[in-house]
Structure formats: C-alpha cells, structure tokens
Amino acid sequence: MKKLIIFLVMLALMLAPISCFAQAAASTSAESVTTEVTTEAETEAATEAESFMFEPYNFVDNLKYMLSGMVGILVVIGLIVTVTVILNKVTGRGGKNK
C-alpha cells in the first residue's frame, strides 16, 4: 500500500505542470475568439504579402523560444530519471540481482 501511495504522489507531481499548460492554452483560445473577423479579401492580401517577406532577424528572435523548449525537454528528462531512481530505491530488493 505504501508503494502505491508513493507512486500516485510521484505521478501527480509529474502531471501537475501539464494541467497548468492546458489552462493557459484555454485562456489564449478564448482571447482569440473575441478578435475581429476580417474579410476574405483582406486575409488573402495579407497572406500573400507575408509569404514573400524575408526577415532573417526573425530567426534570432525565435532563438529564445527554442532555448526555452530545450530547457523544458532537459527538465522533463531529468524528472523522469529522478522518479525512476527514486522508484528503484523504494521498490528495489536488498540483495544483488543476478
């Protein structure tokens, strides 16, 4: 029973950040619904003009988002390794396994 409780607590700790991201995504989608609707001609003109724009500096601007994604991946992998080590310590046998 103790092992089950420890497992459930670890699982809850791992899934807590996912629920936070889901709430943030829901709030941004609600904001996008309240924006004004443009006409079809305006949308086509804007899309055509944007497709031919080449701005290399945008790559430099997006590096901070790429860095935050890489750090997020590193944190998740570290969390998985930590939980695995803890579960091995808790549920491991006392002697050597052959």
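I looked up burial first: 2% of the 98 residues in the protein chain are buried, where buried means under 20% relative accessible area, exposed over 50% and partly exposed in between, with a 1.4 Å probe and protein chains only. This is a predicted model, in which local features need pLDDT of at least 70, side-chain atom pairs count only at pLDDT 80 or more, and totals for chains, interfaces and linings use all residues. Residues are numbered from 1 along each chain as its sequence is written, and side-chain values use heavy atoms, without hydrogens and water.

I noted three helices and zero strands, in the order α-α-α. Helices (H or I, at least four residues) and strands (E, at least two) are DSSP runs, numbered from the N terminus.

I then followed H3, residues 57–91. H3 spans 52 Å from first to last C-alpha, close to the 51 Å expected at 1.5 Å a residue; the expected span is 1.5 Å times one less than the number of residues.

Is Val83 buried or exposed? Val83, in H3, counts as buried because its relative accessibility is 10%. I found Val83 touching Met10 and Met14, leaving aside residues up to four places away in sequence; contact means heavy atoms within 4.5 Å.

Tyr57 is exposed because its relative accessible area is 57%.
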